[in-house]
Amino acid sequence: TRRIRIGGAQMGAISRSDSKKEIVDRLIALLRQASEKGCELVVFPELALSTFFPRWYAERDGMDGYFEDGMPNAATLPLFEEARRLGIGFSLGYAELVQEDGRVRRFNTTVLVERNGEIVGKYRKIHLPGHAEYEPERSHQHLEKRYFEVGNTGFQVWDAFGGRVGMAICNDRRWVETYRVMGLQDVELILIGYNTPVADSLSGESETLRMFHNHLTMQAGAYQNSTWVVGVAKAGVEDGHRLMGGSVIVAPTGEIVAQAMTEGDELIVADCDLDRCRYYKSHIFNFAAHRRPEFYQRITSQ
Ligand code: ING
């Protein structure tokens, strides 16, 4: 069995006034908790180094203070060094500011760091929810389309931690294609960070229904692609705006094997046997034997 002990490092609220050092110190504390529990991999949330700033309106470059100018950089080097000292790998979500193709580009990004401290993968969020211009009817804005470009990495799967590892970010988890594109690359473990508002002024959905959707999408994605899924929240009330918790570790059977109970900094842990994917990939979800893509492209007009 290829067993790996994974920690989901849910974070509580990050306020606009919190310093980068305070935030990184919280990440290091969660890393140390994970080490004490024998974890080899720790999953941090989306935008783990800043408050969820897309809830506010500003010029497109007005939130650059929340972006990282490199990874690792001076602020995050202590996290990378402590992780390497402890021999723990991690995934970390952050706002990425980068010079690429001769221009400044901004992405909602996650990096995958192996136990030796090397960055082995980078993913830039593809499904950006919300809107790009100010919408007065909303109780809070959701301006990811204003501050980030659509990610240009695609959904990749890397050989890491003894298995096939992929990443996605927040809204990506709601889209069936996210899981299947990685499923077709034989993914066995998908790491997802999220920052999801509890209230939604437009849909009127209840808190219970939104938590149901949160777990439904990750459980379905895990089962239908025979993969482990780790979904980790930044939760709590950020300057008056509440984000949901509900971080989970989901098995290839679709079962939730660990779940956060608070909306604060909370580590959830599970022993994930990557070989549990193999049975499903070779029987019920044996794509080569049973999947019929020749019938999937035809979109009938009627
Ligand atoms: N947040 C939310 C998410 O997809 C959202 C936005 C909430 C969309 C509820 C639809 C319904 O979980 C981010 N950051 O994508």
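## The annotated domain

The UniProt annotation "domain: CN hydrolase", from an unreviewed entry, covers residues 4-274; UniProt positions follow the numbering used here, feature names are shortened, and annotations may be inferred rather than shown by experiment. The end C-alpha atoms of residues 4-274 lie 8 Å apart, and the span is 21% helix and 31% strand. Helices (H or I, at least four residues) and strands (E, at least two) are DSSP runs, numbered from the N terminus.

This is a predicted model, in which local features need pLDDT of at least 70 and side-chain atom pairs count only at pLDDT 80 or more, while totals for chains, interfaces and linings use all residues. Residues are numbered from 1 along each chain as its sequence is written, and side-chain values use heavy atoms, with hydrogens and water left out.

Ser15 sits in the loop between strand S1 (3-10) and helix H1 (20-36). Its relative accessibility is 18%, so Ser15 counts as buried (under 20% relative accessible area; exposed is over 50%, partly exposed in between, with a 1.4 Å probe and protein chains only).

The side chain of Ser15 makes polar contacts with those of Ser17, at 3.0 Å, and Asp239, at 2.9 Å. A polar contact is a pair of N or O atoms within 3.5 Å; within protein, one must be able to donate a hydrogen and the other to accept it, and residues adjacent in sequence count only if both atoms are side-chain atoms.

## Around the ligand

Of the 13 residues around the ligand, Glu144, Cys170, Asn171, Arg174 and Thr196 come nearest (a residue is near if one of its heavy atoms lies within 4 Å). A polar side-chain atom of Glu144 lies 2.9 Å from a ligand nitrogen atom, and one of Thr196 lies 2.7 Å from a ligand oxygen atom. Asn195 takes part through its backbone, with a polar atom 3.2 Å from a nitrogen atom of the ligand.

## Aromatic pairs

The structure holds 11 aromatic pairs. Rings of Phe, Tyr and Trp (its six-membered ring) pair if their centres lie within 6.5 Å; planes under 30 degrees apart count as stacked, over 60 as edge-to-face and the rest as tilted. Tyr123 and Phe155 are stacked, because their ring centres are 5.4 Å apart and their planes are at 20°. Both Tyr123 and Phe155 are buried.

Tyr223 and Phe285 form an edge-to-face pair, because their centres are 5.0 Å apart and their planes at 85°. Tyr223 is partly exposed at 31% relative accessible area, whereas Phe285 is buried at 18%.
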